[in-house]
Amino acid sequence: MRIDFRINGIDRSLQLSGDEMLVNVIRERLGLRGTKVGCGNGECGACTVHVDGEAVCSCLYPAHRVAGRSVTTIEGLAPENALSPVQAAFVRHGAVQCGFCTGGMIMSASALLAQNAKPSEAEISHALAGNICRCTGYRQIIDAVLDASGQGNADSERP
Amino acid sequence: MSLHEVGKRRHQAGIEMRVRGGAVYTHDIALPGMLFGAILRSPHPHAKILSIDTSAARALRGVHAVITSKDFGDRRYYQLGGSYSDRPPLANEKVRYWGEEVAAVAAETLAVAEQACALISVEYEALAPVFAPDDALGAQAPEIHGRENAPGGKNLAIRFSANYGDVDGAVAQAAFVLEDEFRHGIVAPSCLETNGTVASYDAGQGKLDLWTATQAPYFIRKEVAQAVGLDEKQVRIRSVEVGGGFGGKSKICEQEALAAMLSIKAKRPVKITLNRREEFVSGKTDHAKRVRIRTAVAEDGRILNRNVSVQIDNGAYTAYAPTYVGASRQRTTCLYRVETAHYDCDLVYTNKVPGGQYRGMGAPHTIWAIESHMDEIASRLKRDPLEYRIAQANQPGDVTPLKWRISTCGLTECLEAAGRMIGWDEKRKSSAPLRGVGVASMIHPSGGVIYQEGNFANTRIELTAEGRVIVHTQTADTGTWQNTTLAQVAAEALGVGTDDVFVSHMDTEDAPPDLGSAASRVTFVTGNATLRAGENLKAKILSALSRQWNCGVEDIAIESGVARHIYEPNRTADLLEIARLAGPLDAEGYFSTPGERPDPKTGEGNYAATYVFGAQAAEVEVDRNTGRITVLRMAVAQDVGRALNPTAVEGQIYGGVLQGIGMALQEEMVFEEGRPVNASFLDYAVPRIGSAPKIDIALVETDDPLGPYGAKAGAEPTINATIAAIANAVFHATGIRFKELPMSPDRVLSALEAKDGNKPALKPWKRVYNAEVATVRAMYPNVVFPALRSVGTKFARLPKKSKQPRTLVPGNANELVEFLSNKNTKSRIVAGGTDIFVGLKQGIYDLDQLVDVSRLPELQGISFAENDLSTLRIGAAMTLDKIARNELVARFFPSLASCISLIATPQIRRVATIAGDLCQEKRCWFFRSAFPCYKLGGPTCPCFAVLGDNRHHSINGAKRCAAPNPSDLAPLLSSLSACAVVVGRSGKRSIPIEELYLWSGLTKVGSDEVIEAIEIPLAPNTTASFEKFGLRQGDFAEASVAVRAQWANDSVSTLRIFAGAVSPLPLRAAKAEALLTGTRLEPDAVAEAAATIVEGSLPLEDNQYKVPLLINLTKQALLAARRRN
Ligand code: FES
Ligand code: FES
């Protein structure tokens, strides 16, 4: 089947096989490799993207369902040479180690802030529960999301 | 010395690329003409290979190479050499564990490669397997390897024993001797990036390039070269980002040599990426251990003798487990002031996944045993555990029984700081019930002589013509920020800014040899080499400049990236100018650790250049109702010598501690017949964000004279004391000393119940089938299971794995019914797909087509039913997230919204649907791992849960299958008297949810029908509640309870109570309903009635905790319903 959709602001038209997952279209066909696969089963969140602004796991999302919808990946979150507020806060707080979870983590956090401008720590924890990070222990990530929502505390701000 | 770059908080090198998604990992590499590799794995834990026929695979279109052990000749991985070199890259003659690599294929696509693997026919002769180390040492045990690899005796890769000091004399003086035994299973590093390799062989040049997710290019090059028969010079490891290491990627991983050989054969680049399942099944894990400890203690508390006996499960092949033998020996003899010691250790082969390397190399678990024991000693001495530890702490100048000479040592400061930060004195005294604090210490070598090569590093730093400083190192930054701290060291040495320095890692052609990023060596060993390289380069720059400026080198200073003539201040040169004046330059630095090679017989010798110390304190809370342990706070003090970059060290502490929490509370691989049954992030659950406690950190700087700018190792040892600190806190909170890990809620709840002597009345006779089920279960071990397993499963009808169903997308309901009514095609409806797509990969379905109803208008919407304003209609394909956020739902059915918030993860809830939750497949890890079980293979097959690990299974209502109903909405919607509206050829019908099920995962909805909507009647004057307990955040329920109470005045007029996840069908608590109807749900009555919900239960061995759990959740749900009135 053929579908039309929008990705990172660009309209696309693609021929799909019915069982193709969105992550495959994003990574292999469009070459946007910032979206990662940590499990392929919806368990880790490394593949998180936005479909019409909602954070979903692209590894379990059949590509044909994005027909007529708008997809954003980590590459499309901010204009070139700029960082989104969440990306910038991750940098400030050192919320990245190996970086493999980072794209998905930032996509989940960004979707949260779009719905809830000032989330509490408990709300952040609830919203990021689908994203596994094996490296950081999550503390610096929590600090970064609080900071990105303007609730930063100068104390916890790293370099 | 005043420092400008070292000791400062600097951003992680390359972090902007990472947050933008621009960093390139091995998974992301795509070369022109690249093929995809797949691996055929052994379906037996132990078997002879009689023959392999690859002809059908080779003939498949799109296949370019098929390899078997023949292609490797008799070559084996080198690893630690000698008898430890026991593993061929592909199995020859024998397979020794389930999942072992037998053959590999390279093809145009991964799907073709997998299909080709399925076409390879291998003839096996099954051999008796052995899984438990104790059994492997028994007289009847099969021999896994010949004696050349088991020099310690049958199945013994190592048998070690040594005394340190006058052991007998020391024991004779003891005031008392304490003895204990601790055990733990296998945990796994679980890097978020699975192992993967891209290999590209250029036959013309005879050169092999490898992009691979590794910590140690040095060892990969060596191993791959010898495995595929090339010279090391022909192999180049290339620079790439690495998604986590933690030891798991520190030595050769099997896909590396396979990708290389496939590329050589196919003459095209080949990429192999392990999937998450393979990563667990075949990836190198940590090792299971049994630790026996006996300590002789003097009246004044001195440790006269510590005697530790360890048994390590090696798995089927030896990787670096011999260093585990050493790591436990080191802690036995060197943690605290031990006067004499005895250590013995068996490293035992079993037919399980080969153990590898994981952060701490077994130290976290050994320290858990030692430190639990230290608490027991302190209590016997009636001393405060913290004060007692401080009294026994290692001190600078000490020589340990292993002959370690302790130089800098901040253990006392660390213990004091950890105690202070956690609020020790006050919290130790206050006896808040089920809250506790505990403390533990650790020791860790920094720059130990771990390798045959010793422990050396070379770093090359270049100043390019463009004025850029590039550090070339063969180590690999797997996320530890090592490239950042190396840049800081180089910058400090050169007098430039950290931002001026770029670190290029991993490339074996650009960088001189270095043993890689493992064994806590980069900061200390590579750091020292980098420091020297920086100094050497600076000397070259100065001498070149002095020639240009016609002055002495001592007349020039370089600071902040600018060289200036000290006496002629306007003579300056920035880096670009320096490069122009001094020409492109480079310099190398070499460092080899001054540690001594340990005595091969005893391990004695001052092994490392220096030693790291630290202490951690934990505060925990234990939930009496569920057994859940919550780590409220950790306090971590670590002697890091000097923190080269405090942000980086803190990050390592946060991360290491959380991995330790995973080890302590939830992680463990579970095996059946040698096969992992929890090979996914769902079932092998690493901690999610909700497990992250607040952590207070104190970095103790002892300024080590041998460290680069005083630094010692930092990242790896952060995990060492975590399990122990938590276990000691749990003991303080509960009085229970757990001697097995993890301290998961099921074990904790069982222990709490046993301690309180609770014995709920199960009255199993109240359920008719139980007599029959109990009889069959009694005969299972000796008669039923062996017969069904050996004979019955031969007749199993298992789904074909390679079959991919096609997807149909109907435009309207009529089309849908048409798609479904073709009797000759096996269809399944898919809406969210979050369960079915996973099930397809698990190989549990045999389907021709999927019919995607997610966008069918008839299945959408939330509104009151057209002609019935007292019924809310929810479209079957409405997502859980949309339902939870709907105003009508929030207003009329808040328990539905709160139930949904407890299901899975946010991403899943945005896609999964209400009907999908109800119709999801049964959840049993044997079924889901495609074991030939009764439900998957048919009536001739056994249920693996009867004798296997059945912690998740039904306690009630099981018959031939014990899988529980996993749906949370099933009990909830049952309690609300909801119905499913079902449409098909013959029209509409309505099924009450409480009657929807035939069995777990099996509904009464016909194969040509579809659920169109769920209808929930409004009921006036009601309150409702839902309680769920999953072992981990985002997990399925182990038990759930939904209650709806209708009130007349202050008493209950009707009551509905349903439980989920404890039986194959939603379990109605009719007796409790009857007992409580007419009451006001007073706590006493509730307690009494709740206890009846387990009547008629017949739990299995590992799921008995569900009995008290279910009672407690029922109580909580009833009391919540009362509160809401
Ligand atoms: S890759 Fe999609 S959730 Fe893990
Ligand atoms: S930074 Fe490595 S998984 Fe999160």
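How much space lies in the second largest pocket? About 980 Å³. Keep that pocket in mind; the tour returns to it at the end. The model on screen is predicted.

**Stop 1: the interface**

Select chain A and chain B together. The contact draws on 69 residues of chain A and 75 residues of chain B. About 6000 Å² is buried between the two chains, and carbon and sulfur atoms give 56% of that area. Now pick A:Arg65, A:Arg134 and A:Arg139. These three supply 14% of the area that chain A buries against chain B, more than any other three residues.

Stay on A:Arg134. Its side chain meets that of B:Glu667 in a salt bridge, at 2.9 Å from N to O. Six salt bridges are found across the interface of chain A and chain B. Polar contacts across this interface number 44 residue pairs, with both residues at pLDDT 80 or more.

Next, colour chain A by element. On the side that touches chain B, at least two residues each come from strand E4 (54-57), helix H2 (85-93), helix H3 (102-115), helix H4 (121-127) and helix H5 (139-151) of chain A. Colour that side by class: 31 residues are nonpolar, 24 polar and 14 charged.

**Stop 2: a salt bridge within chain B**

Over all chains, the salt bridges come to 86. Go to one of them by selecting B:Glu241 and B:Arg18, whose closest N and O atoms are 2.4 Å apart. The pair links distant parts of the chain, 223 residues apart. B:Arg18 sits in helix H1 (residues 15-20) of chain B. B:Glu241 lies in the loop between strand E11 (235-237) and helix H7 (254-266) of chain B.

**Stop 3: the largest cavity**

The structure holds 16 of 30 Å³ or more. The largest has a volume of about 650 Å³. Helix H14 (482-494), helix H15 (522-549) and helix H17 (646-665) of chain B are the elements that give two or more residues to the lining. Which of them gives the most? H17(B), with three residues. By class, the lining of the largest cavity has 19 nonpolar, 19 polar and six charged residues.

**Stop 4: the second largest cavity**

Move on to the second largest cavity, with a volume of about 170 Å³. It is lined by 16 residues. Select B:Asp683, B:Arg923, B:His952, B:Phe1036 and B:Glu1038, the closest to its centre. The lining of this second largest cavity divides into eight nonpolar, two polar and six charged residues.

**Stop 5: back to the pocket**

Finish at the second largest pocket, the space of about 980 Å³ from the opening question. Its lining has 43 residues. Zoom in on B:Arg628, B:Gly690, B:Ser691, B:Arg1032 and B:Gln1033, which lie nearest its centre.

Both chains take part in the lining. H4 of chain A supplies at least two residues. So do strand E25 (629-639), H17, helix H26 (906-909), strand E39 (1022-1029) and helix H33 (1106-1123) of chain B, each with at least two. Two of these names have come up before. H4 of chain A also supplies residues to the side that touches chain B, and H17 of chain B also lines the largest cavity.

Technical notes: Residues numbered from 1 in each chain as written. Chains lettered and ligands numbered in written order. Predicted model: local features only at pLDDT ≥ 70, side-chain atom pairs only at ≥ 80, totals over all residues. Heavy atoms only, no water. Contact = heavy atoms within 4.5 Å. Buried area = accessible area lost by both parts, 1.4 Å probe. Salt bridge = Lys/Arg side-chain N within 4 Å of Asp/Glu carboxyl O. Polar contact = N/O pair within 3.5 Å; in protein donor to acceptor, adjacent residues only side chain to side chain. Helix = DSSP H or I, 4+ residues; strand = E, 2+ residues; numbered from the N terminus. Nonpolar A, V, L, I, M, F, W, Y, C, P; charged D, E, K, R; others polar. 1 Å grid on protein atoms, 1.4 Å probe; cavity = no way out; pocket = protein on both sides within 12 Å on 5 of 7 lines; lining within 4 Å. Points joined across faces, edges and corners; volume = space filled by probe spheres on them.
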